[in-house]
Amino acid sequence: MRRFWDDAVRTLGGTPDAGDLVERYTEPHRAYHNAVHVACVVRDSAKLADAFAFTAEERAILTLAACAHDVIYDGKPGDDERASAAWAREHLAGLEEEYIARVESLVLATITHSSGDPLAHVLLDADLAILGSDPEQYERYSRAVRQEYAQYDDATWRLGRAKVLKTLLDREVLFVTEPARQLWDATARANLARELQSLE
């Protein structure tokens with residue numbers, strides 16, 4: 001992950017300062033939102049980016065946002081993303097402001113999972129790619145997310161998780177980009193429906 005970060009910063013003309021990036025993603029309370037997840041988001045965003053005419057600078061910005069998007073993770077939706085965006089701004093201080101602002105905006109887009117920025121579309125689709133994984137991998141993902149919310153009893157968890165799954169399934173468009181829809185949409189909807197049925 002540090003290599004991804006450092007290479008992207010250099011592409012944008014800066015001197016890398018990854019700070020505690022790696023240490024953050026190895027915190028013991030992270031069962032899913034960890035270094036493995038980030039590596040997958042970096043990989044999948046790069047895969048999707050191949051379908052678009054992104055410049056080297058845009059790809060570097062996308063990589064930095066993928067690395068930073070969950071760097072602060074305390075199970076506080078909204079607050080975590082804003083804190084992660086602030087972390088990114090601090091550790092990209094040597095770059096041009098336009099680059100810093102774009103990374104920051106991409107990280108903040110993960111709060112609502114909506115944006116008009118084509119780079120954000122790729123990042124958000126890559127962040128949700130796990131939903132379209134094979135059933136065994138999806139099951140591991142859902143167990144890991146449950147572990148991260150272990151402070152909630154089963155009844156509360158099931159109610160909250162079911163609401164999230166219904167919201168995702170009710171979306172007319174689950175993945176924004178066409179390449180992501182082709183890769184993951186059908187499997188993702190089957191996985192979500194199966195988990196929702198298990199909760200109900």
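**Pockets and a buried helix in a predicted model**

Q: What is the volume of the second largest pocket?
A: In this predicted model, the second largest pocket has a volume of about 380 Å³.

Q: Which residues sit closest to its centre?
A: Tyr 32, Val 36, Cys 40, Ile 130 and Gln 137 are the closest to the centre of that pocket, out of the 21 residues that line it.

Q: And which helix gives the largest share of that lining?
A: Helix α3 does, with seven residues. Helices α3, α7 and α8 each supply at least two residues of the lining.

Q: How many of the lining residues of the second largest pocket are nonpolar, polar or charged?
A: The lining of the second largest pocket has 11 nonpolar, five polar and five charged residues.

Q: Moving on, what volume does the largest pocket have?
A: The largest pocket has a volume of about 1000 Å³.

Q: How many residues line the largest pocket, and which lie nearest its centre?
A: The largest pocket has 33 lining residues, and those nearest its centre are His 33, Pro 77, Tyr 149, Arg 161 and Val 164.

Q: Where does the lining of the largest pocket come from?
A: At least two residues come from each of α5, α6, α8 and α9. Helix α9 provides the largest share, nine residues. By class, the lining of the largest pocket holds 15 nonpolar, 11 polar and seven charged residues.

Q: Back to α3: is Val 41 buried or exposed, and why?
A: Val 41, which is found in helix α3, is counted as buried because its relative accessible area is 1%, and the cut-off for buried is under 20%.

Q: What does Val 41 touch?
A: Leaving aside residues up to four places away in sequence, Val 41 touches Ala 66, His 69, Leu 123, Ala 126 and Asp 127.

Q: How many Å separate the C-alpha atoms of Val 41 and Asp 6?
A: These C-alpha atoms are separated by 17 Å, and the two residues are 35 apart along the chain.

Q: Ala 66 came up; which residues of α4 are buried?
A: Ala 66 is one of the buried residues of α4, together with Ala 60, Ile 61, Leu 62, Thr 63, Leu 64, Ala 65, Cys 67 and Ala 68.

Q: What covers them?
A: The cover over the buried residues of α4 includes α1, α2, α3, α5, α6 and α7.

Q: How many residues does α4 have, and what distance does it reach?
A: Helix α4 has 13 residues, 56-68, and reaches 18 Å from its first C-alpha to its last, close to the 18 Å expected.

How values were computed. Residues are numbered from 1 along each chain as its sequence is written. This is a predicted model: local features need pLDDT of at least 70, side-chain atom pairs count only at pLDDT 80 or more; totals for chains, interfaces and linings use all residues. Side-chain values use heavy atoms; hydrogens and water are left out. Helices (H or I, at least four residues) and strands (E, at least two) are DSSP runs, numbered from the N terminus. The expected span of a helix is 1.5 Å times one less than its number of residues. Buried means under 20% relative accessible area, exposed over 50%, partly exposed in between (1.4 Å probe, protein chains only). Contact means heavy atoms within 4.5 Å. On a 1 Å grid over the protein atoms alone, a cavity is a set of points where a 1.4 Å probe fits but cannot get out, and a pocket is an open set with protein on both sides within 12 Å along at least five of seven lines; lining residues have an atom within 4 Å of a point. Grid points are joined across faces, edges and corners, and a volume is the space filled by probe spheres set on the points. Ala, Val, Leu, Ile, Met, Phe, Trp, Tyr, Cys and Pro count as nonpolar, Asp, Glu, Lys and Arg as charged, and the others, Gly among them, as polar.
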